[in-house]
Amino acid sequence: MASHKLVVMLPIQTLRDHAADVATALKKRGIDAEAMVEEILELDEKRRSLQAEVDATLAEANRISKEIGVLYKSGKGAEANALKEESGKLKEKSKALGEDLTTAAEALQQALYQLPNAPHPSVPDGQDDSDNEVVKEVGERPDMGKDAQPHWELASQYDLIDFELGVKITGAGFPVYKGKGARLQRALISYFLDYNTAAGYQEVQVPHLVNEASGMGTGQLPDKEGQMYEITADNLYLIPTAEVPVTNMLRDEILERSSFPIKYTGYTPCFRREAGSYGAHVRGLNRLHQFDKVEIVRVEHPANSYAALDQMVAHVEGLLTALGLPYRILRLCGGDLGFTAALTYDFEIWSAGQGRWLEVSSVSNFEAFQANRLKLRYRDEDNKTQLAHTLNGSALALPRVLAGLLENFQEEDGIRIPEVLQPYTGFAKISQE
RNA sequence: AGAGAGGUGGCCGAGUGGUUUAAGGCGCACGCCUGGAAAGCGUGUUUCCGCGAGAGCGGAUCGAGGGUUCGAAUCCCUUCCUCUCUGCCA
């Protein structure tokens with residue numbers, strides 16, 4: 001009752017030490033951060049002074065209790081009873097103070113929950129995705145003229161994916177992959193995992209259902225509850241990304257410095273309700289309720305997390321280059337940046353059949369934001385516990401890569417398979433049987 | 001799903017109302033000893049919060065939450081989880 005563990009977004013210590021910097025950084029998100037930060041610091045101050053009062057009261061009560069024990073043992077019952085009265089008063093006082101403390105701590109917690117991660121200095125200003133900064137564009141966009149088909153036409157023509165069948169079995173957004181379509185998808189998963197493990201990421205297979213604590217840990221709960229499928233009978237959630245189970249492997253852990261860097265890769269299906277998103281841009285594989293993804297996750301010493309982010313960006317570039325897909329990298333602007341991220345790079349591939357870019361990967365540094373919720377720490381040089389930094393990225397999300405392959409490599413007589421995939425597919429071309 | 005057992009520090013494991021300030025062991029760290037090591041001896045070793053420049057002091061913490069009591073790891077209630085047996089099953 002006397003000490004309140006804060007489950008917060010940004011670590012409170014960061015706010016105490018760098019209030020002005022945090023407020024300035026948060027302006028990029030278009031929120032009035034100065035007032036919020038100021039309110040938080042006031043609430044923090046209030047909580048701390050109440051904490052000190054409660055502690056002092058309890059210390060006195062503890063002292064008296066011990067004295068009573070001693071008095072009873074030496075048969076001085078009368079004196080003991082007198083002290084009991086005093087102790088009763090202290091108990092009342094500490095109870096009242098404790099309630100105030102709980103109120104103050106909860107108010108602080110609520111305020112902290114509203115506060116998103118502070119954007120990295122390199123995050124550009126901006127309102128929405130139209131303000132994202134194009135960092136680079138690589139590869140030639142194939143010019144196919146009017147003959148270019150969107151992937152859903154190709155998928156139907158070559159009998160690779162059956163969207164209607166998925167509707168029958170489950171509903172919209174749950175496609176059935178068939179024949180070479182299924183094989184191509186499996187080939188991509190295997191290729192991605194091999195590529196990732198070759199770069200030192202340890203392959204893991206994790207549960208596809210997670211409990212509430214895990215959802216809280218990586219930040220999907222409580223804010224984005226409506227985006228996850230929930231198994232109410234067992235109070236579990238279907239994962240929206242492997243990030244949740246993989247990062248939560250290290251929840252409540254205190255790492256030794258020698259354990260860095262920690263690098264995991266895992267393939268999982270991902271389930272997203274995508275409530276409220278319908279329209280032309282969700283056609284075919286563009287947006288699904290269930291899709292496959294291979295994820296990379298890193299846990300780093302804070303001093304190394306941005307170097308790690310750069311490595312992850314280069315890693316994903318390597319995958320797209322090997323596949324021969326034209327891509328571009330975006331640095332997300334303040335308005336488009338996710339709640340938990342400090343810096344995010346999105347990867348988009350060119351979709352020749354639709355004439356637009358499709359996001360296939362998102363690589364982020366969350367700094368200490370997730371670690372703070374996860375209680376994921378390490379011991380520093382002075383043996384003190386510090387929050388680690390967490391990062392993750394898609395390497396890669398399957399459906400849009402599949403769409404890109406079909407659309408960009410469509411030819412007169414079929415669809416050409418990139419060389420790196422051929423050992424996995426067992427065929428070099430998808431053509432009319 | 002039914003029946004039973006159990007959740008204690010980094011790990012193992014004592015502990016059914018007051019020197020438990022959580023015994024003891026293992027591990028780890030440092031020191032003594034040694035030519036060096038092992039053994040031995042000594043000291044330290046949960047985490048979180050508050051105060052403090054620091055040493056340190058105080059509070060909380062025995063799965064979680066409530067209750068009884070001057071005082072709870074220990075008693076009561078609720079809840080979560082794990083294990084064993086039975087049942088079911090890839």
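User: Which residues are buried in H11?

Analyst: In this predicted model, the buried residues of H11 are Leu 398, Pro 399, Val 401, Leu 402, Ala 403, Gly 404, Leu 405, Leu 406, Glu 407 and Asn 408. Buried here means under 20% relative accessible area.

User: What share of the residues in chain A is buried?

Analyst: Chain A has 433 residues, and 51% of them are buried. The chain contains 12 helices and 19 strands. Taken along the principal axes, its C-alpha atoms fill a box of roughly 100 × 45 × 45 Å. Of the contacts in chain A with a separation of 6 or more, 75% are between residues 24 or more positions apart.

User: How do I read the packing of two helices?

Analyst: Two packed helices are described by the angle between their axes and by the distance between those axes. Here, H1 (residues 12–26) packs with H2 (residues 33–73) at about 170°, and the axes are 9 Å apart. Angles over 145 degrees count as roughly antiparallel, and H1 is therefore roughly antiparallel to H2.

User: Which residues of H1 and H2 make the contact?

Analyst: From H1 they are Ile 12, Leu 15, Arg 16, Ala 19, Val 22, Ala 23 and Leu 26. H2 contributes Ala 33, Glu 34, Val 37, Ile 40, Leu 41, Asp 44, Arg 47 and Arg 48. By class, the contact holds 10 nonpolar residues, 5 charged ones and no polar ones.

User: Which parts of RNA strand B do the side chains of Asp 55, Ser 87 and Arg 379 approach?

Analyst: Take them in turn. An N or O atom in the side chain of Asp 55 is 2.8 Å from a base nitrogen of the RNA. For Ser 87, a side-chain N or O atom is 2.6 Å from a sugar or linking oxygen. For Arg 379, a side-chain N or O atom is 2.8 Å from a phosphate oxygen. The elements that give two or more residues to the surface near RNA strand B are H2, helix H3 (77–113) and strand S14 (377–379). H2 gives the most, with 13 residues.

User: Is Cys 270 buried or exposed?

Analyst: Cys 270 counts as buried, because its relative accessibility is 0%. The residue is in strand S9 (residues 262–271). Neighbours within four places in sequence aside, Cys 270 is in contact with Ile 239, Pro 240, Thr 241, Ala 242, His 289, Gln 290, Phe 291 and Lys 293. Cys 270 and His 208 are 62 residues apart in sequence, with a C-alpha to C-alpha separation of 8.0 Å.

User: Where is Thr 340 found?

Analyst: Thr 340 is in the loop between strand S11 (327–331) and strand S12 (343–351). With a relative accessible area of 10%, Thr 340 is buried. Beyond its neighbours within four places in sequence, Thr 340 is in contact with Asn 117, Thr 218, Gly 219, Phe 366 and Phe 369.

Terms used: Residues numbered from 1 in each chain as written. Chains lettered and ligands numbered in written order. Predicted model: local features only at pLDDT ≥ 70, side-chain atom pairs only at ≥ 80, totals over all residues. Heavy atoms only, no water. Axes fitted to C-alpha atoms, helices over the stretch in contact; angles between N-to-C directions. Helix = DSSP H or I, 4+ residues; strand = E, 2+ residues; numbered from the N terminus. Parallel < 35°, antiparallel > 145°, perpendicular 65-115°, else oblique. Contact = heavy atoms within 4.5 Å. Nonpolar A, V, L, I, M, F, W, Y, C, P; charged D, E, K, R; others polar. Buried < 20%, exposed > 50% of the residue type's maximum accessible area, 1.4 Å probe, protein only. Polar contact = N/O pair within 3.5 Å; in protein donor to acceptor, adjacent residues only side chain to side chain.
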